[in-house]
Amino acid sequence: MRMRAPITTAAILTALSLTAGGCSLAGGDDGGSDTSADGTTITLVAHESFELPKKLVADFEESSGLTLRIEKLGDAGALTNQLVLTKDKPVGDVVFGIDNTFATRAVDEGVFAPYAPQLPPGAERDELPGDTDDALTPIDSGNVCVNVDDAWFAKEGLTPPASIDDLTKPAYKDLLVVPGASTSSPGLAFLLATIARYGESGWQDYWTKLTANGAKVVKGWSDAYYTDFTFSGGQRPIVVSYDSSPAFTIDEATKKTTTSALLDSCYRQVEYAGLLKGGKDGEGSARSEAGAKEVVDWLLSPEVQAALPTSMYVFPVDERTELPADWAAFAKRPTSTKQVDPAEVTAQRQTWIEQWNEIISR
Amino acid sequence: MIDRAVATRHLGTAASVLVALVPLVIVAVFFVLPVGAMLQRGLWPEGRFAPGAVLDVLARPRTGRVLWFTLWTSTVGTALSLALGLPAAYVLHRLRFPGRAVLRAVVLVPFVLPTVVVGLAVRELLGEGGLLGGLGLDGTPAAILIGLVFFNVAVVVRTVGVAWEGLDRRPAEAAAALGATPAQVLRTVTLPALRPAIVAAASVVFLFCATAFGVVLVLGGVRYSSVETEIYLLTADLLDLPAAAALSIVQLAAVAVLLAGVARLRRGPDPTVRRLPAAPACPTRRDLPAIGVTALALVGLALPIAALVAGSLRRDGGWSLAHYRALGGDAGGLLPGPVTDALTASVRTAVDATWMSLLLGGLVALTVTRRVRTRRARRVRAGLDALFMLPLGVSAVTLGFGFLIALDSGPLDLRTSPLLVPIAQALVALPLVVRTLVPVLGGIDDRQRQAAASLGAGPLRAWTTVDLAAVRRPLLAAAGFAFAVSLGEFGATSFIARPAEPTLPVVIYRLLGRPGVDNEGTAMAAAVLLAAVTALVVLAVERLRVPGTGAW
C-alpha cells in the first residue's frame with residue numbers, strides 16, 4: 001500500500017497541471033479574440049453540419065473588421081425549434097441552416113428581421129414561397145433522391161428501376177432501404193416527395209405497397225447508406241440519398257460513377273440564412289444588425305458559394321459557381337421537382353408523420 | 001469548555017449547511033431551472049395553466065404503446081444484463097487468472113463508447129450482410145435489447161464484482177463446513193450478502209435502459225419508440241411541448257419512485273463496506289458454468305468492437321492504415337481541422353467536466369454521508385441523495401433546450417459559454433461520482449474521527465487524516481470514470497450551443513453524416529481511437545485497485 005502513494009500524488013499533480021496549464025476550456029480561452037478592429041462580434045448560429053474553410057472566415061473577418069463567432073445547435077429541426085423558443089432573446093445575430101421543411105414555422109413565429117440582399121443569378125428559384133417579408137435568403141440547395149447501385153444491377157444481370165413507381169413492383173422486392181421520416185431529414189424529404197407526387201389521397205397507398213414490397217426503414221441516412229446500401233457492403237441496392245451522392249461512388253479503375261439518382265423521385269431541400277430579430281445584444285444595436293447583413297452577403301459571395309460543395313456537400317444557389325470536377329461530371333440534378341408548399345408542411349407535418357408511422361409499423 | 005464544544009458544533013453545522021448548499025445551488029441552476037422551464041412551456045402554453053393538453057397526450061394510444069415498450073424492454077434488458085453480468089462479476093473479481101485486469105477494463109469500454117459508434121458496430125454485426133445477419137434481428141426489439149445489454153453488463157460486473165471481491169468469506173466457509181452444498185451457500189449466504197449491490201446494479205441498469213436514447217434510435221429503426229426517443233421527436237422535431245412535458249413528468253415520476261424504492265431496499269447495514277478483501281481463488285471445476293457465461297459475455301462484447309476495428313482497417317477490399325493516416329487531415333474540408341484536434345478538444349472538455357463533477361460529487365457525498373441525529377435531518381439527507389440522482393432520469397433534449405430558455409439573462413446568460421458543455425457532462429457524470437464516493441465515506445467508522453479529535457486534532461486535521469486518506473483513491477477512480485464518460489458523451493452535448501471546436505464524438509457523427517467511403521472509414525478509425533483512449537483511462541483507474549469503486 002505504501003508504495004502506491006507516490007503514484008497517487010503524481011496523478012493528482014498531473015491532473016492539477018492539466019487544468020492549470022490551459023488543458024481545459026476554462027484555462028485556455030481563444031486568446032481574447034473577441035475584440036476586433038471596431039469591437040463588433042457577430043454571432044452566427046448554425047446547424048451541426050455547418051463548416052467553412054478557416055481561411056475564408058479569417059479573410060472575411062479581416063476585410064469586414066468584424067469578429068465572427070460560430071455557434072452550432074443540433075440538426076436543422078432542433079435548430080429551428082430552439083430559435084422559436086428563444087425568439088425573445090436570441091442566442092445570435094444571424095442564422096444559417098434553416099431548411100424549407102422547417103422555415104415557415106420560424107417565419108410565422110416572427111423569429112427573423114427582414115433583409116433582402118442582392119441575390120446572385122439562379123438564387124431566385126430557391127426563394128421561400130410565401131416569404132413576403134424578406135425573412136430568409138437562400139444560400140444552398142440539394143435534392144434528396146432515390147439512388148440506385150447500377151454496378152450491382154449489372155452484376156446480377158437485372159434491370160434497375162427507372163422511376164419510383166417501379167419500387168412497388170415484385171422485381172424490386174426487398175431491395176430498398178429508406179431513412180425514417182420521423183427520425184431524419186432526408187427521410188422526411190422523401191416522404192414529402194411521395195406526398196407531392198401521389199397526392200394527399202395516394203401517398204398512403206404508395207407507402208403501404210412499398211412496405212408490403214419489403215422496404216426497410218432505418219433510423220438515419222448514415223444507417224441506410226453505410227450499413228444497408230450495397231455500395232457500402234450492405235444487401236440493398238436502392239437507397240434514399242442525395243443527388244450529389246453519385247459523385248462519391250467513383251470506380252477507381254474506370255473513373256466512372258457506379259451509382260445514379262432516380263431523378264423523378266427528388267425533393268429539393270433549400271437552406272436559408274436570416275437575421276435574428278433583436279440580435280444577441282437586444283434591440284437598438286444597429287452595428288450588429290449591419291454586421292449580420294454583411295454575414296448574409298458573405299454567405300452569398302463567390303468564395304463561400306464555391307466552398308459549399310466540398311465543405312457542406314450541397315449545391316451553391318449561385319449558378320455561376322464552378323463545381324468540383326466529380327460533381328460536374330456525376331452529380332446529375334433534376335431539372336424540376338414536385339414540392340409541397342412549405343406552409344402546408346408546417347401545418348401537416350405531425351399528422352403526416354403519425355400516419356406514416358402507422359403504415360410502416362403494420 | 002462546554003461553551004466551546006457547543007460553538008464547535010454550531011460551526012460544524014454551519015459548515016455542513018454550506019457544503020450542502022453549493023451543490024444544491026448548482027443543481028438548482030443547471031438542472032431544476034432548465035427542466036422546470038421546459039415543463040412550464042408545456043403546462044402553461046401562452047401563459048395560462050392548461051393541463052388539459054397534457055392529459056390528452058396521456059390518453060393517446062401511441063403514448064400507451066410507448067410507455068409499455070419502454071417498460072418491457074427495460075425490464076428484460078435489466079434481467080439479461082444481470083444474467084450475464086453476475087457470473088462475469090464472480091469470474092472477473094473472485095477468480096485469479098492472467099489477463100484479468102485487461103478483461104475488466106474491456107468489459108467497461110462499451111459503457112463509455114458514444115452511442116453512434118455502438119449503433120454502427122452492432123448494426124455492422126446484425127445487419128443483413130453482417131456476421132449475425134442471418135438471424136434477421138436488425139430493426140427488431142431483439143436488436144435494441146442486445147444494444148442495451150451491451151452497454152449495461154459493465155454496470156453489473158462493476159457494481160456487484162467489487163462488492164463480491166470484498167465479501168467476508170468466513171460465513172460462506174462456515175456454511176460449507178457445516179455441510180451446505182455450493183448451491184445452498186450461494187443461495188443462503190452469498191446472494192443475501194450481495195443483495196444491496198445487486199439491487200443497486202439492477203436499479204441503475206433499469207434507469208439506463210429506460211432512458212436510453214441513442215441505442216433505441218439507432219438499433220430500433222423507427223418502428224419502436226421509447227419514452228426518451230418520443231420526447232426527442234416531440235421536442236426537437238414537432239415542437240409539441242405539452243406532449244413532451246407530459247412524457248417528461250411521467251418519466252421523472254417513475255424515476256423518483258424507483259429511486260425511493262431502491263433506497264428502502266438498501267436500508268440497513270451494507271455489508272460491502274465492511275471489507276475483508278481476500279485473495280482471489282484459482283478457478284476450479286465448479287466454476288466452469290460461470291466461466292462459460294463470462295466467456296459468452298466477453299465474446300458478445302468483443303464482437304461489435306472487433307467489427308469496428310476490422311472496418312477501420314479495410315479499404316478497397318484490402319487491409320490498410322489509410323483511414324488512420326486520414327485522422328491527421330480534415331476529411332477534404334469537411335472538418336475545421338485534423339481529427340486529432342478534435343481529440344484535443346475532447347480531452348480539454350473532459351478535464352473541465354471531471355473537476356466539476358468531482359467537486360460537486362465530493363460535496364454531495366460529504367453531505368449525504370454526514371452523521372445526523374434527528375429523523376428530520378435523515379429525511380432531508382435522503383431527499384438530497386435522491387435529488388442528485390435525478391439527472392439520470394431526464395432526457396438530454398429537455399435539458400439542452402431548457403438551458404437555452406432558462407439561462408438567458410444577466411450573469412446566468414451562459415447559453416453560448418464554452419463551459420456549458422462540460423457543465424452538462426458533469427451533471428451526467430455526477431450520479432456516478434456520488435455512487436463511487438458514498439460507500440467509502442459512509443464506511444468510515446465515526447470512532448476514527450472521534451479518536452482523532454480526542455487526540456487533539458481539529459476538525460480540519462481530523463478530516464484530512466481520516467476522511468481524505470480513505471477517499472483519495474476512490475476520488476481518483478471517480479475522476480477516471482467522469483473523464484471517460486465525458487469523452488464519450490454525445491446526447492447532451494449535441495443540444496447545446498457551442499463554439500466551432502467539435503469534440504471527437506461530434507466529429508464521428510459528422511463524418512458518418514456524409515457520403516464517401518473514406519468518410520466512413522475515417523469515422524471508424526476515429527471511433528477506434530476514442531475507444532482506445534477511453535480504455536486506457538479505464539485501465540489506469542483499474543490499476544489503482546480502489547476498494548468500492550463503481551458501487552453505483
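This is a working chat about a predicted model.

Colleague: Ground rules first: what kind of model, and how are residues numbered?
Modeller: The model is predicted; local features need pLDDT of at least 70, side-chain atom pairs count only at pLDDT 80 or more, and totals for chains, interfaces and linings use all residues. Residues are numbered from 1 along each chain as its sequence is written, with chains lettered from A and ligands numbered from 1 in the order in which they are written.

Colleague: At what angle do α18(B) and α19(B) pack?
Modeller: About 140°, with axes 9 Å apart.

Colleague: New topic. Where is Thr137(A)?
Modeller: In strand β5 (residues 137-149) of chain A.

Colleague: Buried or exposed?
Modeller: Thr137(A) is buried, with 26 other C-beta atoms within 10 Å. Buried takes 20 or more, exposed 12 or fewer.

Colleague: What does Thr137(A) contact, leaving aside neighbours within four places in sequence?
Modeller: Tyr115(A), Pro117(A), Tyr272(A), Ala273(A), Gly274(A) and Val296(A).

Colleague: And how many Å separate the C-alpha atoms of Thr137(A) and Tyr172(A)?
Modeller: 41 Å, with the two 35 residues apart along the chain.

Technical notes
Axes fitted to C-alpha atoms, helices over the stretch in contact; angles between N-to-C directions. Helix = DSSP H or I, 4+ residues; strand = E, 2+ residues; numbered from the N terminus. Contact = placed C-beta atoms within 7 Å.
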